[in-house]
2 protein chains.
Amino acid sequence: MDKLSPSMFIGVSGNDIISFGSGQPDLPPPKEVFSCLPKYHDFKYGPIAGSSKLRQALADQNRGFTKDNFVITNGASEALDLVLRAIGKPGDRVLLHTPYYYSYRSLVEINHMEPVFVRTEQGKIDMADFEEKVHGVRAVLINSPSNPTGRIQDIGSLKIIEKTTNDLDITLISDEVYKDMIYERENYMLSGSHVVTLNSFSKTFAMCGFRVGYLFSNDRSIVDMAIAIKTHSSMNTNILGQEMAYHATQVPREFIESQVKIWKERRDIIYKRMHGLGLDVWKPEGAFYILPKISNPQKFVWEMFRQHKVITYPGDWFGADGRVRFSYALDTEKIEQGLERVENYLAKG
Amino acid sequence: MDKLSPSMFIGVSGNDIISFGSGQPDLPPPKEVFSCLPKYHDFKYGPIAGSSKLRQALADQNRGFTKDNFVITNGASEALDLVLRAIGKPGDRVLLHTPYYYSYRSLVEINHMEPVFVRTEQGKIDMADFEEKVHGVRAVLINSPSNPTGRIQDIGSLKIIEKTTNDLDITLISDEVYKDMIYERENYMLSGSHVVTLNSFSKTFAMCGFRVGYLFSNDRSIVDMAIAIKTHSSMNTNILGQEMAYHATQVPREFIESQVKIWKERRDIIYKRMHGLGLDVWKPEGAFYILPKISNPQKFVWEMFRQHKVITYPGDWFGADGRVRFSYALDTEKIEQGLERVENYLAKG
């Protein structure tokens, strides 16, 4: 068995493979996104912060911000990397809630900082543990709805996190890439002068491959530092990707609502089925992930892939030992087929 | 006078501005690059290392390499950043020859490493200084032809650098983004098992805004580490940018030759004119930069921009105090107009 790593699976597809792996929508982007392609002819560098038109469109959708509060990035991945580089120095500590998206821990460590892990109960932050560990960290990173749990944080907890980090002068990074995919209530956007919000066109508009994300903050010193770093580390985000993202901002809100309806149906199917299989599993409230308990996850992931052509991700990548992450961003027929294979595999075990 | 920084100027254009600033071709990419746009419909993540088709095309053009030696990146900027992150740790030293491209120093410092500067004489590396300073560095970064000098390194020197770094087990990073733009001789590609080469579609194919670059190396441990980092820091490079880059690899070689002819004509014009103005200047042998000595460069750059709408970059960004960088990637008429404004300004001074 090879050592499992995300780059083994990302972009892998084909012959009868059913992928619950990579977190990307199977449904295409709105058609408007492709509408700008045939006549596109620009080719020069754009502003490092991102196209003025796109930043203005985002400011129009986020009350209290102007375009100068935004930086357009190579996905939310680069947005987080830039924020960490902008605010941190080697040895600084960054608080994450476990389970966490695997890149969080890796980016903290790539930047020579140290992750501090806060416990969750069924995906909900243990606020006593938070209050104990928050002191002295450089930043707190919140992801609600969460990848890999699909859980959202209680609004009461989010308000305490906002206030505590503000009082302690700690940067609060809010990864809201799944904010438009919530099944149980409205999103609660973390806000404040010390908050940096990350978002992306990848999930809401199914534009993963184009890598357009953004960060925004009322703290202009962080925004400006992120731009200064990006000037050297990658320069402007692909100008054509930005143009496509601009067209996505002009798509009527109904597009998003129709997508959420589809995700919710799929959530209901996979949750019911896993529950029926007797798996220990938390009901996803947003995003498109579910994280059942599975014995010997490494073996499960490897054998499901090699023998049964089903891609899943081991929980330990996410700080969730003993669990396996399934993304349900695929059509219901494939979800059923894939779970059929899982059921047969588990029955033999 | 505001503090000058690259992000003030990058992407700035318009009303009568003549920009000798940003290093980007004014001539458009080959038409083949846009040919794939009208029918493009992919949208999912691609492999982190880059599209297989594009890496194969690059391997076909670089003898001795397979597609697995390549990583496609967000421009050569991200390629360098990934290499530094892959090989370095805080406190490591990286050798640069001065004057250097401004991002080199910044990226070394952003990554908590320390630049070591080697002298040049009229842009040619002082080999005695190199031999003295190379001991104990983690990497040597060579850029020939050079941004900002336009000078190429002697083949004899390059061979010594290859051998010395190999003997001392030092990674040799070769930024060859201008390798196709040399006026005096063929390019000499640095090679060896310890060499990492950086390149880009930005200059050769005028695709700056699309941000497609790459790194390649026979040292698979560096390639694999770069992929592992990119998995978290930005994921795949924009898939449509990669498709456009693939089409660029299929363009007949005559395209590049016709471009070089144009660059050489412009080089001749700007060099002759600056020489005629009595400026202390080295004859560019490649790339599209020239770096005259100008007294009070900060004032010159600021006033030329604010009063005369001419963008130039102060030499101190490049470790070249007392000089100013002019990019001559613009048509001959604008070069003449811009230099007219410079001449008038200097005459008054």
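Domain bounds here come from an automatic or database domain assignment. The model is a predicted one, in which local features need pLDDT of at least 70, side-chain atom pairs count only at pLDDT 80 or more, and totals for chains, interfaces and linings use all residues. Residues are numbered from 1 along each chain as its sequence is written, while chains are lettered from A and ligands numbered from 1 in the order in which they are written.

**Exercise 1.** Describe how chain A is divided into domains, and which residues make the contact.

*Solution.* Begin with the division: domain 1 of chain A covers 6–23 + 254–348, and domain 2 covers 39–249. Their centres, taken over C-alpha atoms, are separated by 25 Å. Next, count the contact (C-beta atoms, placed from the backbone, within 7 Å), to which domain 1 of chain A gives 22 residues and domain 2 of chain A gives 24 residues.

**Exercise 2.** Decide whether Glu121(B) is buried or exposed.

*Solution.* Recall that a residue is buried if 20 or more other C-beta atoms, placed from the backbone, lie within 10 Å of its own, exposed if 12 or fewer, and partly exposed in between. Glu121(B) has 9 C-beta neighbours inside 10 Å and therefore counts as exposed.

**Exercise 3.** Find what rotation superposes chain A on chain B.

*Solution.* Superpose the copies by least squares on the C-alpha atoms of residues with pLDDT of at least 70 in both. The rotation is 180°, with 0.0 Å of shift along its axis and an RMSD of 0.0 Å, so the two copies are related as by a two-fold rotation axis. In chain A, the C-alpha nearest the axis belongs to Pro38(A), 2.1 Å from it.

How values were computed:
Two residues are in contact if their C-beta atoms, placed from the backbone, lie within 7 Å.
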